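Here is a short briefing for a first look at a protein model. Keep the structure open beside the text as you read.

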Amino acid sequence: MDINKAKDVFRRSGIKFSQQRLQIFLLLNNKNEPISADDIYLELIKGESNNINISTVYRILGLFTKKGLVLKSNLNIDGKATFEINHRDHRHHLICIQCGKIVPISGCPLKEYERSLIKKTNYLILEHNLEIRGICPECQKIRESKDIGI
Ligand SMILES: [Zn+2]
Ligand SMILES: [Zn+2]
């Protein structure tokens with residue numbers, strides 16, 4: 001995403017442009033996985049010209065979340081909230097409980113189920129959450145080698 005496109009998104013969402021907002025927005029756009037506020041902060045201060053503080057990061061993330069630009073979730077296994085760009089087509093994730101790796105799953109397996117649920121219950125369904133937890137291939141290998149005592 002380039003700066004003009006970001007400015008456009010801000011304008012449409014009623015968000016005033018600032019350099020720090022732009023930086024966080026671009027950073028989130030370049031991530032394929034959810035990221036915590038702390039990690040965003042750490043990446044930002046790596047840039048030499050940056051003296052943003054952590055509470056500003058939280059404030060901007062709160063604003064983005066409120067405006068629907070960003071989705072907040074508690075995917076991280078250490079209990080920290082994580083943030084990711086709201087790709088209007090929502091996503092589900094596979095989470096490794098061992099190393100905390102988060103992999104987005106393409107497509108939604110619940111669309112058909114939602115349709116049948118609407119028929120059955122007459123609910124207006126707004127959203128759903130689905131997280132799948134397991135152990136990634138790399139961590140399975142570590143487990144196996146531990147089991148046989150290597
Ligand atoms: Zn793992
Ligand atoms: Zn879904």
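The model is predicted.

**The zinc site**
- Four cysteines hold the zinc ion (ligand 1): Cys96, Cys99, Cys136 and Cys139.
- Each gives its SG atom as donor, lying 2.3 Å from the zinc ion.
- The site is tetrahedral, with angles of 102 to 119° among the four donor atoms.
- For four tetrahedral donors, the ideal angle is 109.5 degrees.
- Along the sequence, the donor residues follow the spacing C-x2-C-x36-C-x2-C.
- Cysteine 96 sits in strand S4 (residues 92–96) and cysteine 139 in helix H6 (residues 137–147), so this pair ties together parts 43 residues apart in sequence.
- Cysteine 96 is buried, at 3% relative accessibility.
- Cysteine 139 is buried too, at 7%.

**The sheet and its helix**
- Three strands make an open, antiparallel sheet in the order S1-S3-S2.
- Strands S1 (35–36) and S2 (70–73) are the edges, and each pairs on one side only.
- Two bridges join S1 to strand S3 (residues 82–85).
- Serine 36 has threonine 82 in S3 as its bridge partner.
- Helix H2 (residues 19–29) packs on this sheet and touches S1, S2 and S3.
- The direction of H2 makes about 85° with that of S3.

**A loop residue with positive phi**
- Asparagine 122 lies in the loop between helix H5 (111–121) and strand S6 (131–134).
- Its phi is near 60°, a positive value in a residue other than glycine.
- Most residues other than glycine have a negative phi.
- Is asparagine 122 buried or exposed? Asparagine 122 is exposed, because its relative accessible area is 69% and the cut-off for exposed is over 50%.

Definitions and conventions. Residues are numbered from 1 along each chain as its sequence is written. Chains are lettered from A and ligands numbered from 1 in the order in which they are written. This is a predicted model: local features need pLDDT of at least 70, side-chain atom pairs count only at pLDDT 80 or more; totals for chains, interfaces and linings use all residues. Side-chain values use heavy atoms; hydrogens and water are left out. Donors are N, O and S atoms within 2.8 Å of the metal (3.2 Å for Na, K and Ca); water is not among the atoms, so sites may look incomplete. Four donors count as tetrahedral if all angles lie between 85 and 135 degrees; four count as square planar and six as octahedral if opposite donors are over 155 degrees apart and all others between 65 and 115; anything else is irregular. Helices (H or I, at least four residues) and strands (E, at least two) are DSSP runs, numbered from the N terminus. Buried means under 20% relative accessible area, exposed over 50%, partly exposed in between (1.4 Å probe, protein chains only). Two strands pair if DSSP finds at least two bridges between them. Contact means heavy atoms within 4.5 Å. Axes are lines fitted to C-alpha atoms, for helices over the stretch in contact, and angles run from 0 to 180 degrees between N-to-C directions.
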